[in-house]
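Hi,

Here is the model I promised to pass along. Have a look at it first, and then read on for my notes.

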Amino acid sequence: MSADRAVRLTLRYLVLTLLALIVLFPIYVTVVNSLLPGADITARPPKLFPSNPQWHAYADAWSDGHLGTYLKNSVIVTAFIMAGQLLFSILAGYAFAFLEFPFKRTLFVVFLATLMVPLEVTFVANLTTVTDLGLYDTYAGLAIPFLATGFGAFLMRQAFLQVPRDLHDAARLDGYGHLRFLSRVAVPLARPAVGALAVFSFLSAWSQYLWPLVVTKDDRLRTVQIGLKQLRNTNIDHVNVTFAGVVIAALPLVVLLLIFQKQLVRGLSAGAVKG
Amino acid sequence: MGRVAFESVTKRFGDVTAVDDLTLEIHDEELLVLLGPSGCGKTTALRMVAGLDDPTDGVIRIGDRVVNDVEAKDRDVAMVFQSYALYPHMTVRRNVEFPLRARDVPKEDRDSLVMEAARSLGIEDLLDRKPAALSGGQRQRVALARAIVRRPAAFLMDEPLSNLDAKLRVQTRAELVELQRRLAATVLYVTHDQTEAMTMGHRVAILNRGVLQQVDAPQAVYERPANLFVAQFVGTPPMNTIAGEVRTGGNDVVVHVPGGRVTLPAALGAAVRRKATTRDVVLGVRPEHLVLGASRPAGNGSAGEGMGTADGAGLPATVTVIESLGHERHVVCRLEDGTLVIVRQAGDEPVPSVGARVSIATDAEHLHLFEATSGSRIEP
Amino acid sequence: MTRRRREAYLGYALLLPALVVFGAFVFYPLGRNIYLGFFRNPPFPNLPKRYVGFDQYGEVLGSSDFWNSLKTTVLFALYTVPTGIALGLGLAVLAHQKLKGIAIYRTIFSSTVATSVAVASVIFGTLFNPQVGLLPSIGISPNPPILDNPTWALPAVALVTVWQSLGLTFILMSSGLQAIPDELLEAAAVDGATPWRRFRQVTLPLLTPTLFFAGVVGTIFAFQSFGQIDLLTQGGPLHKTNVLTYFIYSELRLHSNPGTAAVLATALFVITLALTLIQLRFLERRVHYVR
């Protein structure tokens with residue numbers, strides 16, 4: 001390779017590496033600071049590498065900081081929401097893709113219209129509704145407004161439309177009713193979309209902030225996102241504990257996304273590339 | 001214009017060698033066809049000239065310039081892609097104009113050059129349309145117009161006719177040849193279709209698995225294939241191949257084949273004798289050089305040189321399938337050991353019946369002989 | 001019962017659960033918000049609210065607080081959406097090169113998708129903190145400190161938002177780039193175009209569907225941003241980060257004014273809807289779709 005080429009190549013890697021470091025920097029600082037003893041955190045110049053890692057910050061965050069409880073709550077609520085979203089979206093997507101009924105078009109528009117109405121607009125009234133139903137400060141209350149999603153129905157409908165018409169006809173001739181066709185043929189064939197929806201659903205449920213903030217008061221029901229706020233506010237003097245909490249809170253998401261990268265990308269591209 | 005040369009060019013992708021030590025020169029103003037089955041490395045070779053892939057080893061020249069380290073955009077070649085690669089968001093005019101804009105050619109010059117190219121290819125009326133609104137044939141012309149609009153040193157064409165329907169293909173073939181002559185362009189043309197290769201190229205270079213098999217004028221490749229691969233790849237229907245064993249006895253060199261013996265002409269026989277170790281050979285005869293005769297009872301089916309003459313005894317065979325194409329007929333016969341041999345007859349010759357026992361003969365000068373293991377041609 | 005009828009009933013049955021949820025938690029709230037807006041809330045709890053018709057609407061929507069909040073929200077969107085898209089696109093283009101080990105960079109650039117708004121806000125909030133943060137060590141010590149600084153608070157929150165959504169934008173832009181056939185860029189290279197020209201005249205036009213999607217969705221998200229405000233600045237300093245969502249929240253929870261909050265919520269809905277429709281209308285025309 002010529003020298004000119006080599007220089008250009010090195011430059012490219014340099015730029016890429018620089019940008020990567022910038023993007024990672026906040027995360028790096030978080031991890032490092034979670035391991036630094038209290039005094040080192042305010043040291044000037046700042047310590048960029050923990051020479052004497054203090055792991056106790058994590059234990060503190062977990063127990064005193066109740067992060068263990070918060071994580072549990074997030075898991076329960078997220079599971080609830082995911083189950084609802086997957087189930088209702090699959091059912092709705094199936095109806096839109098394979099069944100004929102009056103006002104189908106209009107109803108689909110209605111589903112899509114819900115994407116235009118965010119929680120930030122509806123939470124005012126939703127709070128009253130949920131309280132009246134006696135679901136304030138409950139897991140159900142945390143999950144119930146999100147059990148259905150227009151995006152999920154859109155995604156599943158899209159996926160089901162890809163199932164060849166012939167398959168559906170053949171199944172009907174073979175005596176498959178709708179529900180059996182749905183569970184035995186349609187869903188397995190649409191597995192990538194289901195995967196994408198699951199990832200997307202998990203992501204949005206896990207990251208929720210506003211709703212858990214307003215609909216729970218009891219510390220025992222706090223989800224991990226609000227828990228972080230609590231942790232930070234009670235640990236202003238122990239930044240390392242806060243940072244340890246951040247790492248713990250972020251870890252499940254990191255692990256899951258590493259495993260399910262493909263599904264995530266697919267879910268996102270569904271909207272973007274088709275336009 | 002200029003020449004293009006590969007000098008010991010090799011391209012490896014990991015463990016796979018796509019192009020193996022290729023040395024080939026495309027002369028100035030020549031249309032050279034790079035022919036071969038899919039996966040033989042021809043497109044890879046083309047892309048290396050374009051600068052879209054880099055050789056692992058070896059040197060590529062355009063004109064006299066070594067271009068290994070030259071970026072694609074500076075190589076002064078034009079490429080017509082198999083799928084045309086037209087910019088879908090630009091009109092035909094903008095598409096054709098693109099290479100000129102890339103070189104900052106001033107507007108007035110651009111306009112006249114675009115018109116000239118458009119007229120050359122008969123697409124003046126399409127200039128304001130977008131590619132999506134064009135037929136396959138029209139898109140292909142646009143791709144060509146874009147290529148010729150500046151006068152590059154060389155044209156690279158990657159199976160440009162493969163996406164056209166049969167009738168259009170025949171017509172466009174002739175137009176391409178005419179275009180090349182008119183522009184006196186140096187063209188490297190890649191295809192897997194041997195009809196295109198034979199009818200269009202000044203010379204044909206045949207590749208198989210990255211290795212150059214033969215490069216010569218089409219007729220030469222047809223009449224004197226350098227090895228079994230070339231012999232069977234070029235020519236429709238393909239050359240018949242019959243496995244045989246050499247026995248030298250007395251003055252003659254004889255090849256034993258299923259059902260009989262073939263005496264080799266002196267010069268060829270001498271060549272075989274020189275290759276002392278050769279025992280297993282493959283005889284090749286083109287279908288049009290075989291003659292069908294009534295079968296002769298018993299006998300060993302050889303008289304004089306060659307496979308016998310038409311009224312001498314030929315190889316015994318049974319007619320299995322007759323394919324009638326109107327102007328000619330392909331008679332598929334089975335030799336004693338099951339080898340299938342195709343005989344080409346003119347339409348007005350007498351038709352044999354299926355299942356009939358016949359004898360197949362040819363003249364000595366139409367015999368091709370190849371070594372069985374290496375496939376290479378044995379020549380006097 | 002005919003098969004047609006059965007199918008229709010089944011269809012409705014399958015949609016029913018979702019529709020119930022939508023009805024209760026999406027559409028009903030829209031109406032209820034409007035209704036709640038008719039009632040002014042007393043300064044003390046336990047006193048009944050008063051019906052005032054559209055007066056409260058007029059008051060709230062005419063107030064300087066509202067217009068300030070709207071302005072702040074728009075400003076916030078202007079800070080985050082174009083920047084986010086540009087950065088995501090830049091990274092995507094750089095990571096689209098065929099280099100050895102590029103996959104690692106791609107993973108790193110998409111990594112922020114694993115951070116939530118809360119995570120990002122807590123991290124940056126601490127980094128911005130004048131006592132324990134890192135800014136002073138690189139020489140940035142504004143007075144007042146960044147998150148209390150009327151000039152810099154909103155940009156700082158915008159920065160956090162851009163960083164947190166970078167992973168998502170990167171993935172989106174990358175998908176868009178993947179959709180452009182390599183052959184087109186190869187053809188452009190052979191035609192003599194420089195990398196910059198290839199980008200501007202081939203890549204960018206064909207990327208417009210993705211850019212468009214990112215723009216519309218990004219704006220919607222920007223208008224819905226809440227977590228970072230709550231964690232970093234709580235609407236201050238001097239209401240400089242009081243975006244609409246936070247305004248709604250603070251009226252509801254901190255000032256016990258459901259009436260005002262409802263009016264603002266309805267306003268937020270109308271504005272977001274209008275913006276989306278405008279974008280769909282005017283921008284989609286300029287989008288080139290690859291066939």
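This is a predicted model: local features need pLDDT of at least 70, side-chain atom pairs count only at pLDDT 80 or more; totals for chains, interfaces and linings use all residues.

In it, chain B puts in 18 residues and chain C 17 residues. On the side of chain B that touches chain C, two elements give two or more residues: β6 (77–80) and α2 (92–102) of chain B. That side of chain B is made up of 14 nonpolar residues, two polar and two charged.

β6(B) turns up again in a sheet. Six strands of chain B form an open sheet, ordered β6-β7-β8-β3-β9-β10, with mixed pairing. β6 and β10 (211–216) of chain B each have a single partner strand and stand at the edges, so one side of each has no neighbour in the sheet. On average, neighbouring strands here are turned by 20 degrees against each other, ignoring direction. The partner of β6(B) is β7 (residues 154–158) of chain B; the two run parallel and are joined by four bridges. If you want a pair to click on, B:Met79 has B:Leu156 in β7(B) as its bridge partner.

There is also a four-stranded open sheet in chain B, in the order β2-β1-β4-β5, and its pairing is antiparallel. Its edges are β2 (16–26) and β5 (65–66) of chain B, each with a single partner strand, so one side of each is left without a neighbour in the sheet. Two bridges link β4 (residues 57–62) of chain B with β5(B), and these strands run antiparallel. The bridge partner of B:Arg61 in β5(B) is B:Val66. Helix α1 (residues 42–50) of chain B lies across β1 (4–13), β2 and β4 of chain B, at about 115 degrees to β1(B).

Some overall numbers for chain B: it has nine helices and 20 strands, and its C-alpha trace spans about 80 × 45 × 35 Å along the principal axes. Of its 380 residues, 43% are buried. Taking contacts in chain B between residues at least 6 apart in sequence, 64% join residues at least 24 apart.

Over in chain C, take a look at helix α6 (residues 153–178). It has 26 residues and reaches 37 Å from first C-alpha to last, close to the 38 Å expected at 1.5 Å a residue. Even so, α6(C) bends by about 45 degrees at C:Leu166. α6(C) is also mostly covered, with 22 of its 26 residues buried.

Cheers

Terms used:
Residues are numbered from 1 along each chain as its sequence is written. Chains are lettered from A and ligands numbered from 1 in the order in which they are written. Two residues are in contact if their C-beta atoms, placed from the backbone, lie within 7 Å. Ala, Val, Leu, Ile, Met, Phe, Trp, Tyr, Cys and Pro count as nonpolar, Asp, Glu, Lys and Arg as charged, and the others, Gly among them, as polar. Two strands pair if DSSP finds at least two bridges between them. Axes are lines fitted to C-alpha atoms, for helices over the stretch in contact, and angles run from 0 to 180 degrees between N-to-C directions. The expected span of a helix is 1.5 Å times one less than its number of residues. The bend at a residue is the angle between axes fitted to the seven residues ending there and the seven starting there. A residue is buried if 20 or more other C-beta atoms lie within 10 Å of its own, exposed if 12 or fewer, and partly exposed in between; C-beta atoms are placed from the backbone.
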